[in-house]
Amino acid sequence: VGESLTPEVAIRYSAALAAVAPPGGILVSRDSRPSGRMLAQAVHAGLHAAGRDTLDAGILPTPSVGVLVREVRGGGAVQITASHNPSPYNGLKLFSAEGRIIPAGAGQEVLDRYRAGSINWVTHDQIGSGRECVDVFAGHLNAVLRTVDYAAIRQRRYHVLLDSNRGAGGYLGRRVLEELGCYVTVLGEEPDGQFEHPAEPTADNLDGVRAKVAQSGARIGFCQDPDADRLAIIDERGRYLGEEYTVAMCVDHVLRRQKGPIVINCATSRMSQDLAERYGVPLVRSAVGEANVVDAMLEHNAVFGGEGNGGPIDPRVGLVRDSFLGMALLLDAMTARNATISELADELPRYEIVKTKIDLPPEAVAAAFDKLQSHFSDAQPSRLDGLRLDWPDRWLLVRPSNTEPIVRAIAEAKKADIAQGLCREAAELLAS
């Protein structure tokens, strides 16, 4: 913020969206970062100056945006968030009128217009106006509750710890959990963006939260990122289960009740693949990115999807990664099976994921992929997104970064040393 993301960028980018969005007011919302208020003012100004009316939803979790834009029959939405990135960052996440992250074709048109500077500013008599949205949470809350056995969960009176880390998820998180009859302890409920620990809900960043879950006697700990589209899990003993388990446990629970295709991205744990095979349903892999997962879900009429960064997607609620949905489904699973969250996690196929970086300039990526594919000739290759190499018991994904002269290597196997060995072997090969 103030460097590569300025008010001018926000204004021009919003105006580019205005030119391609269908009729209807454009919803504007933000996560809790202090810079969000200033950027929201710029976004409203850009949209008004391009002749579009706006609806101000204030601080709102990203999955709630997807529900609300459909409710108000808006032409699209701009969510101001940097997701799990540190406080100095912010960003503009664009939504379509269908309540999903804008798909690639329309997104490219917005980007092309922004880069070309082809903005059509309107005259004074055509400037758009703004109004505030009221009761911005009700639709999302009700949609989440409809996916679970509401009455049965309420009878359990679970003690739950929710770490919202002063992001956008605390208020709705408390409402969802209290509606489900839970006794709730919320850490960082105030949405002021003054994060109490680093924003990404990783094991290292949640050490203090893990201890509080164990000490408090909570049955489960839920940890959100600042815009509340990602959910990490801590079990009743204070063990960090992480984000990969969120989607896998939700997949298991959903498939017990409804059979149908499942979509995950190509960097997500194969736990979901094993579950799909167990229940006899198709598993589809997409390129990395929520919009790609949603494209595949729509194409294959999937009953569930998600990304291994803790982002479950259920079309019954919306087409956005949703931490609130994840919380409700996991409490529903605990209730239906009379099990602790640790027992549910321990029943899943066990894998270890290792993630590393390899220095590599963009111009060398294509040749590097050829070299890796030739070297690992016993693997099944896929170039859906980067290069993924699959064996029956392990896989390796190498993808170029969009922002750095590196590739990211992700490997998964039954044992951590095997996954580490795959990443190390790839790095040594590319260095030679």
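For the lining described below, Ala, Val, Leu, Ile, Met, Phe, Trp, Tyr, Cys and Pro count as nonpolar, Asp, Glu, Lys and Arg count as charged, and the others, Gly among them, count as polar. The model is predicted, and the values given here are to be read with that in mind.

**Cavity**

- The count comes to 1 cavity of 30 Å³ or more, and about 40 Å³ of space lies in the largest cavity.
- The largest cavity is lined by M249, D252, H253, A333, R337 and L344, and these lining residues divide into 3 nonpolar, 1 polar and 2 charged.
- Two or more residues of this lining come from each of the helices α9 (244-257) and α12 (323-337), and α9 gives the most, with 3 residues.

**Sheet and helix**

- Five strands form an open sheet in the order β15-β19-β18-β17-β16, with antiparallel pairing, and its edge strands, each pairing on one side only, are β15 (352-359) and β16 (380-382).
- From one strand to the next, the twist of this sheet averages 15 degrees.
- Helix α14 (residues 365-375) lies across β16, β17, β18 (394-400) and β19 (406-413), and the helix runs at about 10 degrees to β17.

Definitions and conventions: Residues numbered from 1 in each chain as written. Predicted model: local features only at pLDDT ≥ 70, side-chain atom pairs only at ≥ 80, totals over all residues. Heavy atoms only, no water. Pairing = 2+ DSSP bridges. Helix = DSSP H or I, 4+ residues; strand = E, 2+ residues; numbered from the N terminus. Axes fitted to C-alpha atoms, helices over the stretch in contact; angles between N-to-C directions. Contact = heavy atoms within 4.5 Å. 1 Å grid on protein atoms, 1.4 Å probe; cavity = no way out; pocket = protein on both sides within 12 Å on 5 of 7 lines; lining within 4 Å. Points joined across faces, edges and corners; volume = space filled by probe spheres on them.
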